[in-house]
Amino acid sequence: MLKLNKPGAQLIFVVVAVFIAAFLIFPLWWLVSTALKPEAEIFVKYPSFWPSAPTFRNFERAIGTSGLLTYLRNSMITAVGSALITTSVAGLAAYGFAKFRFKARQPLMLMLIAAQMFPFAVLLITIYPLLRHTGLLNSLTGLTISYIVFSLPSSIYILYTFFSQIPEELLEAARIDGASELKILRQVVLPLSLPGLVAVAVYSFMWAWNDLFYSLTIMSSKDMRTVGPGLMLEFFGEMQQDWGAAMAASFLASAPVVLTFAFLQRYFIQGLTAGAVKG
Amino acid sequence: MSGAVDVRWPTQPGVGAIERRRRRFGFLLTVPALVCYLILILYPFLSSVVLSFFKSTLMAPDPVYAGFDNFNRLFGDEAFGKAWLRTLVFVVLATSLTLALGLIWAIVLNQGFRGAKLLRAVTLLPWVMPSAVTAMLWAWLLHGQYGVLNAYLGRLELIDEPIVWLASPIGAMAAIILAKAWLSTALVMTFFLAALQTLPMEQVEAARLDGASNRRVFRYVVLPHLKKTLVVVMVLQAMGNLQQIDVIYAMTSGGPASATSVLSIEVYKTGFQQWNMGLAAAIGVVWFFTISIPAVIYLRTIFRD
């Protein structure tokens with residue numbers, strides 16, 4: 001789109017590109033690099049770009065001296081659980097909104113999508129006593145349910161734009177063949193919308209995995225912590241100065257989301273941008 | 001009817017039994033989502049609004065009706081006004097920085113040079129990092145004694161003494177803005193890149209034939225094409241930044257003093273550290289009205305189609 005035939009324009013382009021790339025990539029490199037450095041290379045005035053004597057000591061400390069593995073397990077359970085619930089609930093609703101013209105369709109959908117503007121912290125003021133009364137405070141079930149709050153509204157919207165693109169004729173044809181609505185949903189709609197469902201599942205998984213503040217408030221005991229509060233409370237603070245272990249733990253805590261994302265990126269980007277970019 | 005085919009059937013406003021059954025099925029599909037919504041979103045929200053008119057503290061947790069007491073207390077409190085302004089500063093600066101970087105980065109990647117795809121994938125990673133990791137990582141980059149930023153600035157002789165970024169009010173605010181921009185730039189880029197890929201190239205070529213410069217092509221062809229995406233992305237970012245709590249809390253806990261204590265942090269501190277739930281809910285209500293400005297713009301934009 002840009003025409004870069006003058007050397008001046010080329011220079012500006014390259015400088016800008018390198019600057020932004022460095023801003024986005026360098027911190028990631030620094031995380032990895034610090035995690036691999038021995039202490040003698042971390043706590044120096046002018047740290048080196050490459051670890052000159054790479055070591056896994058930091059990883060050993062990060063796993064051995066903390067509850068990191070427990071936190072990872074708790075995060076996995078809550079994130080997978082809430083992704084499954086959100087995706088199925090949002091998927092059904094979005095299909096209903098996109099393909100059936102029942103009366104209250106528009107106001108109900110507006111209401112659901114508008115929920116994105118309710119501040120999460122404010123909702124927690126009431127969700128907290130709600131969980132206490134039902135005995136779900138400090139439990140993986142309680143946290144999993146609370147995570148639905150984050151991604152349900154936007155998931156419905158993303159899937160709505162997805163289902164809207166399924167041609168009406170396809171559903172009509174199946175109906176003429178005598179298929180029941182449930183059968184159409186299972187055999188026609190579900191296979192077609194798989195990329196969208198995957199996108200929403202990844203999206204909800206990430207929201208839950210990356211959360212700090214709900215977990216910090218809802219989970220009070222140490223063995224119930226997820227990675228967010230776990231990292232923060234064990235590796236970060238005035239008392240805690242072991243940056244090598246902190247970066248190694250950060251690496252391990254990011255790996256599951258990074259891998260999930262790497263494998264499913266294509267679906268994910270398609271699904272996420274479909275709504276905002278159309279037209 | 002007498003056996004004749006009713007030709008009006010497909011367009012007739014009154015609906016037949018089959019269509020009615022079908023619509024009921026469609027509505028039933030939305031019921032699980034509506035139930036989740038009512039219990040986990042609408043009820044908590046309304047109940048917080050109601051609570052904002054009650055006094056409920058750690059010492060006396062049973063809510064007692066207090067009229068506008070909580071709001072009067074907020075509006076009479078200079079610190080609250082400052083927290084509101086601080087939130088605005090954070091949202092405006094973080095949103096503009098993210099949007100500018102995201103747009104430029106999308107234009108760069110859209111040039112389609114070798115390695116652009118890989119670069120796009122790698123630069124998306126900050127966005128999937130857990131908030132606690134982002135916060136720790138940036139605190140480490142900006143560390144006063146051993147931070148790499150100070151080291152490089154020192155090497156370039158731009159500073160004489162290392163700066164303890166998170167210890168100064170402006171430095172801490174800059175740090176959370178930078179960390180948040182780092183986190184979201186690639187997401188914004190993704191939206192812009194998707195929009196740029198649908199840019200009608202004939203228009204660009206036509207403008208080029210007329211001798212238009214890069215700047216004019218951008219101003220008169222690209223920008224109008226991106227307008228809707230720009231509005232949606234800007235509003236989503238503004239709403240997200242208004243909601244932001246995780247990274248800020250982990251990085252600075254709202255400090256030093258309360259230099260980075262935005263409304264989300266104020267709600268958390270008032271509610272879950274001082275256990276003054278009524279007052280926390282009142283802050284939340286004011287916060288909600290602040291968010292509703294970009295939210296209404298967003299809803300109007302997406303529902304226009």
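Student: What share of the contacts in chain A between residues at least 6 apart in sequence joins residues at least 24 apart?

Tutor: The share is 78%, where two residues are in contact if their C-beta atoms, placed from the backbone, lie within 7 Å. This is a predicted model, in which local features need pLDDT of at least 70 and side-chain atom pairs count only at pLDDT 80 or more, while totals for chains, interfaces and linings use all residues. Residues are numbered from 1 along each chain as its sequence is written, and chains are lettered from A and ligands numbered from 1 in the order in which they are written.

Student: How does the radius of gyration of chain A stand against that of a compact globule of 279 residues?

Tutor: Chain A has 23 Å, whereas such a globule would have a value near 19 Å (over C-alpha atoms; the rule is 2.2 Å times the number of residues to the power 0.38). The C-alpha trace of chain A spans about 75 × 65 × 30 Å along its principal axes.

Student: Why are helix 7 of chain A and helix 1 of chain B called oblique?

Tutor: Their axes cross at roughly 140° and come within 10 Å. Angles under 35 degrees count as roughly parallel, over 145 as roughly antiparallel, 65 to 115 as roughly perpendicular and the rest as oblique. The two helices are therefore oblique to each other. In this contact, A:I148, A:V149, A:L152 and A:I156 of helix 7 of chain A meet B:A33, B:C36, B:Y37, B:L40 and B:I41 of helix 1 of chain B.

Student: What makes A:N138 partly exposed?

Tutor: A:N138 has 16 C-beta neighbours inside 10 Å. A residue is buried with 20 or more other C-beta atoms within 10 Å of its own, exposed with 12 or fewer, and partly exposed in between. A:N138 therefore counts as partly exposed. A:N138 lies in the loop between helix 6 (120-133) and helix 7 of chain A, and has a positive phi of about 60° although it is not a glycine.

Student: How do you know whether B:E157 is buried or exposed?

Tutor: B:E157 has 7 other C-beta atoms within 10 Å, and is therefore exposed. B:E157 also has a positive phi of about 60° without being a glycine, in the loop between helix 7 (148-155) and helix 8 (169-196) of chain B.

Student: What is the peptide bond from B:G255 to B:P256, cis or trans?

Tutor: That bond is cis, with omega near 0°. B:P256 is placed in the loop between helix 11 (246-252) and helix 12 (263-273) of chain B.

Notes:
Axes are lines fitted to C-alpha atoms, for helices over the stretch in contact, and angles run from 0 to 180 degrees between N-to-C directions. Helices (H or I, at least four residues) and strands (E, at least two) are DSSP runs, numbered from the N terminus.
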